[in-house]
Amino acid sequence: MYKPSFPKTFPKDFLWGGATAANQVEGAWNVDGKGLTTAEVVKKTTDRKHMSMDDVTTESIKTAVADKTDTLYPKRRGVDAYHHYQEDIKLFAEMGFKVYRFSIAWSRLFPQGDETEPNQAGLAFYDRVIDELHKYHIQPLVTLSHYEMPIGLTLKQNGWASRDTIADFNRFTRTVFTHFKGRVPYYLTFNEINTGTWGFHATGAIDTTLSKHDQLQLRYQALHHQFVASALATKQLHEIDPDAKIGSMLARMQTYPATPNPVDVRAAQLEDDKNLFFTDVQARGEYPEFMNRYFAENGIKLAMAPDDQATLAKYPVDFISFSYYMTTVTKADAAEQVNGNMATGGRNPYLKESDWGWQIDPVGLRITLDELWDRYRKPLFVVENGLGAVDQLTADRHVHDSYRIDYLRQHIQQMKAAVADGVQLMGYTMWGPIDLISFSTSEMSKRYGFIYVDQDDAGKGSLERIKKDSFYWYQKVIKSNGEDLD
Ligand code: BGP
């Protein structure tokens, strides 16, 4: 007789940890042969709630390249993890991390992007990081492209707008897979691949002078190149290091209809499909019909090489990962808009917002997990989730961040419920376990960490690492495998 058995909690081998990106933590932007990246030519914002990449032009890049300081470009300094990685990893180990998600900066290995041989000093740095993780039995989860690429490829061929970038990227991925063979069990190809529709930070392509239509055409073409490069990286990894697994990475934004009016429900469904389209291609291996129709109706024509579709079909990802920060609301006619780090959507009156206007929705995480599992039946991995907040360092050098604990607790409770719903969930890497430079605004004062870093928005401070209250809380969560959330 059929006997249902619901796992009441997380599997024993659940991968608890944290996630960062090279351009937000490493610093050391011009040492040991590293080339300048797309992330390091984007100025810090002056309006912390509204990020825009629309002002990146060839001229602004030339000005940035000529500027040899980090004053306007905080991602050049990060939190100097390049020189503090041992101390940082020791703290992660103290919390009990099983996994650490970080990215390898393409430009440390291939400074301009088109070299034929890698920069050995770059490889040596990541050797040291991986050795340090192994020392504490922390498994590396490596993002191959997290919102940066060598600026040389933008200047030479307009980044991912060019098909040539596929070969450049796959030379980089082949180098990584060969060099770190047997030492990195998990990889992700493109961070939040869907945000390529928003522009430069993800495509490395300058498109500010184009019409809206031509901009969209260029961005979807760049994304097609990324899909192919991702599939080819999957092929390479499976050949070079068959025990390692590779996943896709989506900025998942569940969309709710603003009312039960069927036209609103349909509008929300379409928005949702356009978000899931990316995972459809990477996990199912084909462009879904609803997007083919969308392209036809919007005059978007993708140039594809004869083998592209076969390549996508043959090399789908092994697992699906995503970031989860917020949900949005859609109405057939326009709804009131709220913030995201680039996305905007309708306001949901049932939800609270972070100080940056991001709508906080723990239950949405369960909905998301259940729906992704139903749609793809591939293992899922929550690789980003966290709360950006202004923290106060007390006179006796403590940070009492109960708001962060509350946020994370509620999301972990919903993950647990999803596991009991039958979702196969590999792990959870909260964003970012140590304070880092904000992706969207390049602020330091938008803090996510369990570990406070003494540095202000102007880059001043001792860089001392200080454990917040949430540090001890997460330590308990991991030790109890998600049972003790108090
Ligand atoms: C995701 C990015 C991260 C990260 C996070 C928080 O979209 O993958 O790089 O920074 O958002 O965003 P922000 O730093 O803008 O608060």
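Guide: A salt bridge is a side-chain nitrogen of Lys or Arg within 4 Å of a carboxyl oxygen of Asp or Glu. Here, aspartate 406 and arginine 409 are joined in this way, at 2.9 Å from N to O. The model is predicted: local features need pLDDT of at least 70, side-chain atom pairs count only at pLDDT 80 or more, and totals for chains, interfaces and linings use all residues. Residues are numbered from 1 along each chain as its sequence is written, and side-chain values use heavy atoms, with hydrogens and water left out.

Visitor: Where do aspartate 406 and arginine 409 lie?

Guide: Helices (H or I, at least four residues) and strands (E, at least two) are DSSP runs, numbered from the N terminus. Both residues belong to helix 14, 3 residues apart, which is about one turn of the helix.

Visitor: Which parts does the pair of aspartate 391 and lysine 468 tie together?

Guide: The closest N and O atoms of aspartate 391 and lysine 468 are 2.5 Å apart in a salt bridge. Aspartate 391 sits in the loop between strand 13 (380-384) and helix 14 (402-420), and lysine 468 in the loop between strand 16 (465-467) and helix 15 (469-479), so the pair links parts 77 residues apart in sequence.

Visitor: Are aspartate 391 and lysine 468 buried or exposed?

Guide: Buried means under 20% relative accessible area, exposed over 50%, and partly exposed in between (1.4 Å probe, protein chains only). Both aspartate 391 and lysine 468 are buried, whereas aspartate 406, at 34% relative accessibility, is partly exposed.

Visitor: How many salt bridges does a search of the whole structure find?

Guide: The search finds 34 salt bridges.
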